[in-house]
Amino acid sequence: MKVTFKDIAREAGVSTGTVARYVNRSGYVSEDAREKLDTAITRLGYNPNISPRLMRRKKTHQLGLLTSFSKDIFNSRYHTHLLAGIMNALHESEYNLKIILPKEKDYANVEEILYEYAIDGLFILTWRIHPNLIRLIESCPKHLPVLLFNDYDPKVQANFVYSDVAQGIEIAVDYLVEKGSKKIAFLKGPSLIRFGSGKEAVHVSSIDAYDKFEGFQKAVRKHELIT
């Protein structure tokens with residue numbers, strides 16, 4: 001069933017005009033009302049459709065890659081290989097690529113990012129880099145031209161390209177067992193990842209780290225190993 005502004009207004013205890021201003025970012029909404037609306041939108045599972053202004057806009061033949069503000073991100077082979085794959089695919093197409101660094105701005109939905117940067121589609125690398133971005137992705141409808149890399153979450157409707165890291169670790173343990181290993185150690189990554197510094201620092205859970213450790217534990221139980 002489609003969720004309407006009236007449904008959200010009833011759930012949050014505000015007027016439909018307040019809902020419209022909040023969703024469309026077209027006017028002032030108090031902090032108290034924002035908190036109530038965030039809760040109501042999440043509870044009702046509201047996913048806004050692409051707005052008329054975005055539908056009317058002509059194609060820009062620009063795609064965006066939203067990634068972390070870290071200066072070292074493209075020193076990583078993982079990230080450079082992903083970028084190389086994207087660039088190779090775009091080479092023979094009519095599209096160009098914009099690198100987008102996240103702003104300290106609270107967007108109401110992912111659609112606003114598409115509109116602000118005048119892009120036809122968006123790749124998001126390390127989508128769990130900020131609580132606001134996590135909130136946007138968790139409420140992102142599948143029909144939007146948005147593609148996430150890894151940190152797969154089955155509760156998220158947006159489109160993913162990801163590796164089954166749990167199965168990968170399990171296969172690795174299987175291989176070591178076949179080679180005769182009896183005691184296998186696992187160097188676990190951090191459960192929480194810190195972004196920012198000082199009072200602005202935030203910590204978010206690492207889905208990939210959790211899944212890898214789950215795969216390792218499953219393999220240990222299967223082979224009755226000593227760790």
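**Note on the fold and its helix packing**

1. Thr18 has a relative accessible area of 11% and is buried (buried means under 20% relative accessible area, exposed over 50%, and partly exposed in between, with a 1.4 Å probe and protein chains only). Thr18 sits in helix α2, residues 16–24 (helices are DSSP runs of H or I with at least four residues, strands are runs of E with at least two, and both are numbered from the N terminus). Apart from neighbours within four places in sequence, Thr18 is in contact with Val29, Ala33 and Leu37 (contact means heavy atoms within 4.5 Å).

2. This is a predicted model, in which local features need pLDDT of at least 70 and side-chain atom pairs count only at pLDDT 80 or more, while totals for chains, interfaces and linings use all residues. Residues are numbered from 1 along each chain as its sequence is written, and side-chain values use heavy atoms, with hydrogens and water left out.

3. The protein has 9 helices and 7 strands. Of its 227 residues, 37% count as buried. Among contacts with a separation of 6 or more, 62% are between residues 24 or more positions apart.

4. Next, the packing of α1 and α3. Two packed helices are described by the angle between their axes and the distance between the axes. Helix α1 (residues 5–12) packs on helix α3 (residues 31–44) at about 120°, and their axes are 9 Å apart (axes are lines fitted to C-alpha atoms, for helices over the stretch in contact; angles run from 0 to 180 degrees between N-to-C directions). The two helices are therefore oblique to each other (under 35 degrees counts as roughly parallel, over 145 as roughly antiparallel, 65 to 115 as roughly perpendicular, and the rest as oblique). The crossing of α1 and α3 is right-handed (the near helix is turned clockwise from the far one; a left-handed crossing has it turned anticlockwise by less than a right angle). Asp7, Ile8, Glu11 and Ala12 of α1 meet residues of α3, including Leu37 and Leu44.

5. What angle do the axes of α8 and α9 make where they cross? They cross at roughly 35° and come within 7 Å. This crossing of α8 and α9 is also right-handed. Among the α8 residues that meet α9 are Ile169, Glu170 and Val173. Glu170, in helix α8 (residues 165–178), counts as buried at 14% relative accessibility.

6. Helix α9 has 17 residues (207–223) and should span 24 Å at 1.5 Å a residue; its end C-alpha atoms are 25 Å apart, which agrees (the expected span is 1.5 Å times one less than the number of residues). The buried residues of α9 include Ile207, Gly215 and Phe216. Ser206 caps the N-terminal end of α9, with a side-chain oxygen 3.1 Å from the backbone nitrogen of Ala209. Just after α9, Glu224 takes a positive phi of about 55°.

7. Which backbone angle deserves a check at Asn150? Most residues other than glycine have a negative phi. Phi of Asn150 is positive, near 55°. Asn150 belongs to the loop between β4 (146–149) and β5 (159–161) and counts as buried at 11% relative accessibility. Asp151 lies in the loop between β4 and β5 and has a positive phi of about 50° although it is not a glycine. Asp151 is buried too, with a relative accessible area of 15%.

Terms used: Polar contact = N/O pair within 3.5 Å; in protein donor to acceptor, adjacent residues only side chain to side chain.
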